[in-house]
Amino acid sequence: MSEPVLRLTDVSRVHGTGAAEVHALRGVSLAAYAGELVAIMGPSGSGKSSLLTIAGGLDSPTSGSVEVAGQDLDEAGISGRAKLRRTSVGYVFQDFNLIPALTAAENVALPLELDGAGRRAAQKAARAALDEVGLDGFADRFPDEMSGGQRQRIAIARAIVGDRRLILADEPTGALDTETGEDILRLIRARCDAGAAGVLVTHEPRYASWADRVIYVRDGLVVDEAGETPDAALAEEVEA
Amino acid sequence: MSVKHALLALLEKPRYGYELRAEFEQRTGASWPLNVGQVYTTLSRLERDGLVEAGGTDAEGRSLYQLTEAGQAEVKGWFDTPVERTQPQRDELAIKLAVAVAVPSVDVGKVVQQQRNATMQALQGYRRQARSGAGDDLPGGLVLDRLVFAAEAEIRWLDHCESRLRRAAASSTAPEPVQPEGESR
C-alpha cells in the first residue's frame, strides 16, 4: 500500500501545566490513505477536534509526529506548515468560516491567491470548484445571500480548490438539516473517491456511515475502530 | 410485520401470487424477502376469511386474486390505524445491557462498544446499498431510510448508555462494579 496522506504517530497534546494540566490527546496513532474517508466519533471533550486541528497543522502536538503528504509538520517549520495548509489541506468547519465581505468565488479563490496564484487563474479555479459542488451561477453572490447548505458548499469548494489531497471536516453538518447534511457528505465522499484522503469529525452516526472506517475517541485515546481496515479495502480493490 | 395487510393492500388490482410477491419485494426495496409459498399460504387464509376471492385467470391461465368488499374495508382500517409499538421487553439488546450491568464479571463498556461497531457496520451497509442505487425509487428509499434511522437511534442510545455508565463509575467512590442507577446516592 502507498504512503498515507496523513499519518499521526503517538500524538499527545497537553494544555496547561501542573494541577491545571489537561490531556487532550494521549498517544493517538492514525493514518488516512488516498481515496479513503475516515470518521472520528466521540463525545464532547473526547479530543476529536484537537486531533483534527493537529492533523491540519493548526496546532502542534506536545509529543509525537504528524506527516501530511509525506512531510513532517514539525520539520516543515511555521512557514512550511502555512504553505501546506494553503496547498494540500482543505478545512470544512461547522460554522462555514466564510468571509462575509467576499463573494463565493472570492472566498474560494483566497487560499490560491495567498499562495501566489494570479487573480485570474485563482478566479477560474474557484469557479470550477463552485461548479463541482453544484453552485454554478452563485459565484458572485455574498455568503449572507445564501442558505446554510449553500454556504457549506462554498466552504467545501474552498477546501477542494487547487487539488488538495487532505480534506479535514469538523462537524460540517452541525448547522444543517438532515437532507442538506447528506448532500454535504456526498460531496466530501465524492472528493475522496476522486483520490483525496478525508477525515470527518462527527457525533452523528448517519454521517459517519459515509466513511470507510469509523474511529472512536474517548479521553484522548482511540478506543476502537469499526468498518473496513485499509488492508481490507485494498484487498477489495485487488479483487475488483 | 403484517405481511397479510401489505399483500391485501397490493391487491388494489387483481394479481396472481407470484406477481404479488414480486410487487411486495419491489415496493419494499427487497428488505424483507418473501418466499412464494408464504404468499400462497397467506392468500388461502385471506380467501378463507372472506377478504379476497378468486378473480378468474389472466391471459396465461394464472389464477388471479382480488379484494372482496370486506377486504377493502380491512385495507382501509390498516392504513387508518397507527402501527403498535413492539413490546419493549422483547428487545434483546436492552435486556443484555441491563443484565450486563448487574453481572460484576462483565465488561459493560466492551459490550456497548462491540454492539456499536456491529450496528455501525450495518449502517455502513445501508449506506453502500443507498449509494449503489437501492433507494433511488421512492418506496425503496423510504424503507432504506427507516433502517438507517433505526440503526442511528440504536447507536445514539448506546452512546447515551456509555455516558451514563461513565458518570456512574465516576460518581461511585466504592471500588464496586457500576450500579444501574448512576444518579442514586
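Biologist: What is the mean pLDDT of chain A, and what percentage of its residues reach 70 or more?

Modeller: Chain A has a mean pLDDT of 88, with 93% of its residues at 70 or more. The scale is the predictor's confidence in each residue and runs from 0 to 100. This is a predicted model: local features need pLDDT of at least 70, side-chain atom pairs count only at pLDDT 80 or more, and totals for chains, interfaces and linings use all residues. Residues are numbered from 1 along each chain as its sequence is written, chains are lettered from A and ligands numbered from 1 in the order in which they are written, and side-chain values use heavy atoms, with hydrogens and water left out.

Biologist: Where in chain A is the pLDDT below 50?

Modeller: Over residues 228–240 of chain A, a stretch that has eleven contacts in the model beyond near neighbours in sequence. Contact means heavy atoms within 4.5 Å. Where pLDDT is low, the predicted coordinates should not be read in detail.

Biologist: What does chain B average, and where does its pLDDT stay under 50?

Modeller: Chain B averages 85, and 90% of its residues score at least 70. The pLDDT stays under 50 over residues 181–185 of chain B.

Biologist: What makes the pair R127(B) and E182(A) a salt bridge?

Modeller: The rule asks for a side-chain nitrogen of Lys or Arg within 4 Å of a carboxyl oxygen of Asp or Glu. In R127(B) and E182(A) the closest N and O atoms are 2.6 Å apart, so the pair meets the rule.

Biologist: Why does this pair join two chains?

Modeller: Because R127(B) lies in helix α6 of chain B, while E182(A) lies in helix α6 (residues 178–193) of chain A. Helices are DSSP runs (H or I, at least four residues), numbered from the N terminus.

Biologist: How many salt bridges are there between chain B and chain A?

Modeller: Six. Another of them is R131(B) with D193(A), where the closest N and O atoms are also 2.6 Å apart. On the side of chain B that touches chain A, α6(B) gives the most, with ten residues. That side divides into five nonpolar, four polar and nine charged residues.

Biologist: How do you know what area is buried between chain B and chain A?

Modeller: Buried area is the accessible area (1.4 Å probe) that two parts lose on being put together, summed over both. For chain B and chain A the value is about 1,700 Å², of which carbon and sulfur atoms give 44%. The contact involves 18 residues of chain B and 23 residues of chain A.

Biologist: Which domains does chain B have, and what area do they bury between them?

Modeller: The assignment, automatic or from a database, gives domain 1 (3–80) and domain 2 (89–171) of chain B. Six residues of domain 1 and five residues of domain 2 take part in their contact. The two domains of chain B bury about 390 Å² between them, 65% of it on carbon and sulfur atoms. R27(B), S31(B) and W32(B) supply 63% of the area that domain 1 buries against domain 2.

Definitions and conventions: Ala, Val, Leu, Ile, Met, Phe, Trp, Tyr, Cys and Pro count as nonpolar, Asp, Glu, Lys and Arg as charged, and the others, Gly among them, as polar.
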